[in-house]
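Keep the 3D view open as you read, and follow the topics one by one.

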Amino acid sequence: MTLKVSIIGASGYVGGELIRLLLQHPEVEIVQATSQRYAGKFVHKLNPNLRKRTLMKFSDNSKLESVDVMFLALPHGIGMNKIDEFMKAGSKIVDLSSDFRIKNKDEYPIWYGHEHPRPELLNKFVYGIPEIHREELKKAQYVSKAGCLAAASILGLYPLFKNKLVETENIVVEVKTGSSGGGNKPSLSTHHPERSNVIRSFRPTMHRHTAEIEQELTFGEKPKIDFSATSVDIVRGILSTAHVRLINPETAEKDIWKAYRQEYEKEPFVRMVKESDSIYPYPEPKILMGTNYCDVGFEKDSRGKRLVVISALDNLVKGSAGQAVQAFNIMCGFKEETALEFPGLHPV
Ligand SMILES: NC(=O)c1ccc[n+]([C@@H]2O[C@H](COP(=O)([O-])OP(=O)(O)OC[C@H]3O[C@@H](n4cnc5c(N)ncnc54)[C@H](OP(=O)(O)O)[C@@H]3O)[C@@H](O)[C@H]2O)c1
């Protein structure tokens with residue numbers, strides 16, 4: 001069964017990754033890839049990695065094709081205002097922006113500075129982390145993929161909160177992210193002389209992803225997460241370092257392992273990493289480039305209650321296009337790993 005799909009906002013970095021992944025999908029035909037800036041141009045002019053892989057051209061978005069599944073890779077705020085048009089053309093929708101991630105409409109003014117124009121739709125979108133929402137995804141018509149920084153942080157912390165092993169306060173999450181996280185529209189601060197060699201704290205407080213992390217880690221009492229984000233001098237990749245406090249400082253490492261094992265042992269795309277004899281003893285974004293893996297590791301602080309959780313992923317794959325394709329596979333009844341089997345490169 002071949003499904004017709006479209007990618008709206010296909011000329012961005014996330015759109016480019018969606019095209020790359022979906023071209024490898026045996027059950028998918030991409031019938032439309034939109035861009036206003038590049039309409040009429042070959043996709044491979046913007047994505048040179050796709051030379052000889054496709055002769056598709058970008059089209060403008062004035063006439064949307066009717067499709068089985070529409071992927072929205074637009075900046076925040078566009079999809080939520082044009083959603084009726086998109087729902088008319090796409091029988092199913094996977095939205096990669098943040099427009100429908102948060103279920104509580106009252107959070108939008110706090111984190112996004114505006115009311116949500118269509119709050120009645122928020123619960124129609126399933127939050128797209130397959131490891132947490134697989135059963136809902138199987139029945140979903142609309143999916144809202146998780147934010148990239150949020151996905152890394154949530155996957156790192158989820159088993160601890162689900163099993164109530166850690167306190168819901170005094171949680172500090174610091175994420176480091178590469179330049180592709182900001183999309184492909186240049187600005188003065190992303191200009192090479194300004195962006196290269198930086199370790200730049202760009203959102204020490206009030207990062208928007210805080211809201212979805214708190215939402216997904218709520219089991220009873222809502223946790224308060226102190227979240228900060230820093231840009232580092234890489235193109236792809238996210239490293240999340242979370243500091244949490246064990247409720248019981250006597251909790252043994254083996255019990256923490258058990259919680260992670262129970263959750264992730266059968267997951268195709270989450271790997272536990274803690275190998276003191278390896279040259280990569282903890283999760284490290286470099287070796288995840290191009291893959292759909294999220295690597296997770298932890299270390300218990302022998303001096304007290306602190307547990308440090310380290311997680312890493314490629315923001316353009318498991319943090320966006322790959323996570324979306326994984327959710328799409330589940331939603332459409334395909335094998336979950338389809339088009340996502342690239343194991344990465346070493347050395348790179
Ligand atoms: N980059 C990441 O690592 C990452 C990770 C997770 C989630 N996301 C989210 O994914 C979405 C896309 O991110 P990105 O990094 O790919 O951004 P991007 O590189 O800036 O691309 C944005 C895309 O949206 C299109 N677009 C912009 N304004 C538009 C408008 N008014 N109407 C129609 N199309 C418009 C652009 O095409 P034209 O200008 O050519 O029309 C382009 O195709 C964002 O919501 C972002 O927050 C990004």
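Axes here are lines fitted to C-alpha atoms, for helices over the stretch in contact, and angles run from 0 to 180 degrees between N-to-C directions. Please keep in mind that this is a predicted model.

- On the domain 1 side, 20 residues take part in the contact, and domain 2 contributes 24 residues.
- Helices α4 (107–112), α5 and α10 each supply at least two residues of the side of domain 1 that touches domain 2.
- Of the elements on that side of domain 1, α10 gives the most, with 6 residues.

**A helix pair to look at: α5 and α10**

- Two packed helices are described by the angle between their axes and the distance between the axes.
- For helix α5 (residues 130–138) and helix α10 (residues 317–331), the axes come within 9 Å and cross at roughly 35°.
- This crossing of α5 and α10 is right-handed.
- From α5, the residues making the contact are P130, R134, L137 and K138, and they meet Q326, A327, I330 and M331 of α10.

**The largest nonpolar core**

- This core holds 88 residues, and the members that touch the most others are L18, F71, A73, A151, A152 and I154.
- Helix α6 (residues 148–162) provides the largest share of the core, 11 residues.
- Both domains take part, since the core draws at least three residues from each of domain 1 and domain 2.
- Which residues does A151 contact, leaving aside its neighbours within four places in sequence? They are I129, A146, C294, L313, K318, G319 and Q323.

**Strand β12 and its partners**

- Strand β12 (residues 294–300) is mostly covered, with 5 of its 7 residues buried.
- On one pairing, β12 runs parallel to strand β11 (residues 270–272), joined by 3 bridges.
- With strand β13 (residues 306–313), β12 runs antiparallel, and 7 bridges join the two.
- G297 has I310 of β13 as its bridge partner.
- A hairpin connects β12 to β13 through 5 residues.

Methods
Residues numbered from 1 in each chain as written. Predicted model: local features only at pLDDT ≥ 70, side-chain atom pairs only at ≥ 80, totals over all residues. Buried ≥ 20, exposed ≤ 12 C-beta atoms within 10 Å, placed from the backbone. Helix = DSSP H or I, 4+ residues; strand = E, 2+ residues; numbered from the N terminus. Pairing = 2+ DSSP bridges. Core = buried A, V, L, I, M, F, W, Y, C linked by C-beta atoms within 7 Å. Domains from an automatic or database assignment. Contact = placed C-beta atoms within 7 Å. Left-handed = near helix turned anticlockwise from the far one by under 90°.
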